[in-house]
Amino acid sequence: MVVNVNKPGLATTVQDLGRPGYYHLGIPISGAMDRFALKAANLLVGNKEDDAGLEIVFAGPELLFDERRIVAVTGADLPAKLDGELRPSWAAFVVEAGQVLSFDFLKKGARAYLAISGGIDVPFVLGSRSTYPLGGLGGYQGRALKVGDVLKFGPGAAEPKPTAHVAPGLRRETAGEFELRVLPGLYWHRITNEAGVNFFADSWKVAPEADRIGYRFRGGRPLSFVPRQQPFGAGADPSNVVDCGYPYGSVQIPAGAEPIVLHRDAVTGGGYFMLGTVIAADMDLIGQMQPHQAMHFVKVDMDQALAAREAERHRLERLKAALL
């Protein structure tokens with residue numbers, strides 16, 4: 001019951017839904033950048049939604065199966081190929097023993113998710129199978145896959161359900177100009193009114209420095225700060241504060257120049273001020289953004305953020321109902 005890694009892809013890691021509960025100790029939550037896509041892939045093959053699968057970035061791996069399994073690929077438009085023949089995304093299909101699963105060129109999005117019936121069987125570390133590469137923690141030996149690795153999986157279904165596909169209306173669009181909704185935070189008062197207006201009015205683009213730690217954006221106007229005498233320990237730059245905790249999704253802007261949205265493998269604290277936080281409902285979307293993709297930040301309040309979270313919950317419930 002193994003999969004042999006003939007080619008690893010660009011940055012393929014084992015991920016589940018993450019390891020909450022250790023953020024205060026400096027250990028990030030890790031897990032899938034696009035949680036909905038991983039949940040959908042798992043449900044398509046009959047797994048639990050939090051089972052471990054593969055997160056595939058930009059270029060896919062080549063995998064040799066030694067046993068018949070159901071698989072599904074979701075997330076980015078990275079077409080799967082079985083022995084060289086294309087297979088549909090967002091749908092379950094069977095891989096027979098001895099067959100090779102590979103991937104065509106990326107068409108849209110940034111991260112695809114591969115689920116295998118039975119789930120990928122790597123040890124739990126602090127309650128999760130997710131990979132945290134910077135810490136060498138979890139996943140497959142704490143790192144991205146390499147040639148010659150052998151992945152084990154647990155017992156699982158051998159036949160897909162007739163309903164094992166996800167309708168386009170339940171999928172997230174992974175192209176075009178995106179909007180990220182931001183709830184202003186405790187340090188909003190540090191910038192001028194003009195800077196706040198400009199931040200939401202400007203068009204930004206994803207910078208090449210975009211990964212599991214955080215996404216950097218550039219192209220908008222620099223922030224201006226309300227003058228103050230920097231407190232002891234905050235440093236000289238007006239974007240510095242006395243060290244504080246960084247929530248998942250927080251938007252920090254070093255020197256007021258380029259926003260960075262902290263993501264699944266981000267550090268948990270530091271000395272940069274946080275303009276606000278990208279709402280939970282939009283964090284999956286960030287994981288599908290490619291470098292140079294255009295986007296806008298949109299200001300929301302708490303009621304709007306909670307309504308968006310509820311809408312995402314309903315989308316997942318509709319997905320589950322469709323796959324019954």
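Me: Which are the buried residues of α1?
Reply: The buried residues of helix α1 are F36, A37, L38, K39, A40, A41, N42 and L44, where buried means under 20% relative accessible area, exposed means over 50% and partly exposed lies in between, with a 1.4 Å probe and protein chains only. The helix covers residues 35–44 and is mostly covered, with eight of its ten residues buried. Helices here are DSSP runs of H or I with at least four residues, strands are runs of E with at least two, and both are numbered from the N terminus.

Me: What should I keep in mind about the model itself?
Reply: The model is predicted, so local features need pLDDT of at least 70 and side-chain atom pairs count only at pLDDT 80 or more, while totals for chains, interfaces and linings use all residues. Residues are numbered from 1 along each chain as its sequence is written, and side-chain values use heavy atoms, leaving out hydrogens and water.

Me: What follows α1?
Reply: G46 follows α1, and its phi is positive, near 85 degrees.

Me: Which residues other than glycine have a positive phi?
Reply: Among them are D83, with phi near 50 degrees, and H292, with phi near 75 degrees. Most residues other than glycine have a negative phi.

Me: Where do D83 and H292 sit, and how exposed is each of them?
Reply: D83 is in the loop between β6 (80–82) and β7 (85–87) and is partly exposed, with a relative accessible area of 47%. H292 is in the loop between α3 (283–286) and β20, and at 56% relative accessibility H292 counts as exposed.

Me: Back to helices, what covers the buried residues of α2?
Reply: The cover includes β12, β13 (204–210), β16 (250–252), β19 (274–278) and β20 (294–299). The helix runs over residues 193–201, and the residues buried in it are A195, G196, N198, F199 and F200.

Me: Now H263: where is it, and is it buried or exposed?
Reply: H263 is found in the loop between β17 (260–262) and β18 (269–272), and it counts as buried because its relative accessibility is 2%.

Me: What does H263 touch?
Reply: Not counting residues up to four places away in sequence, H263 touches M33, R212, I213, G214, Y248, M283, I286 and G287, a contact being heavy atoms within 4.5 Å. A polar atom of the H263 side chain lies 2.9 Å from the backbone oxygen of M283.

Me: Which side chain makes a polar contact with the side chain of Y246?
Reply: It is the side chain of Q252, at 3.4 Å. A polar contact is a pair of N or O atoms within 3.5 Å, and within protein one must be able to donate a hydrogen and the other to accept it, with residues adjacent in sequence counting only if both atoms are side-chain atoms. Y246 lies in the loop between β15 (240–245) and β16 and counts as buried at 3% relative accessibility.

Me: How far apart are Y246 and Y272?
Reply: They are 26 residues apart in sequence and 9.2 Å apart in space, C-alpha to C-alpha. Leaving aside neighbours within four places in sequence, Y272 is one of the residues in contact with Y246, as are Y23, L262 and M274, among others.

Me: And F153 with V2?
Reply: F153 and V2 are 151 residues apart in sequence, with 6.3 Å between their C-alpha atoms. F153 is in the loop between β11 and β12 (178–184) and is buried, with a relative accessible area of 3%. Its contacts beyond four places in sequence include M1, V2, R69 and S117.

Me: Where is S117, and is it buried or exposed?
Reply: S117 is in the loop between β10 (108–116) and β11 (150–152) and is buried, with a relative accessible area of 0%.

Me: How much of it is buried?
Reply: Buried residues make up 52% of the 324 residues. Among contacts between residues at least 6 apart in sequence, 75% join residues at least 24 apart.
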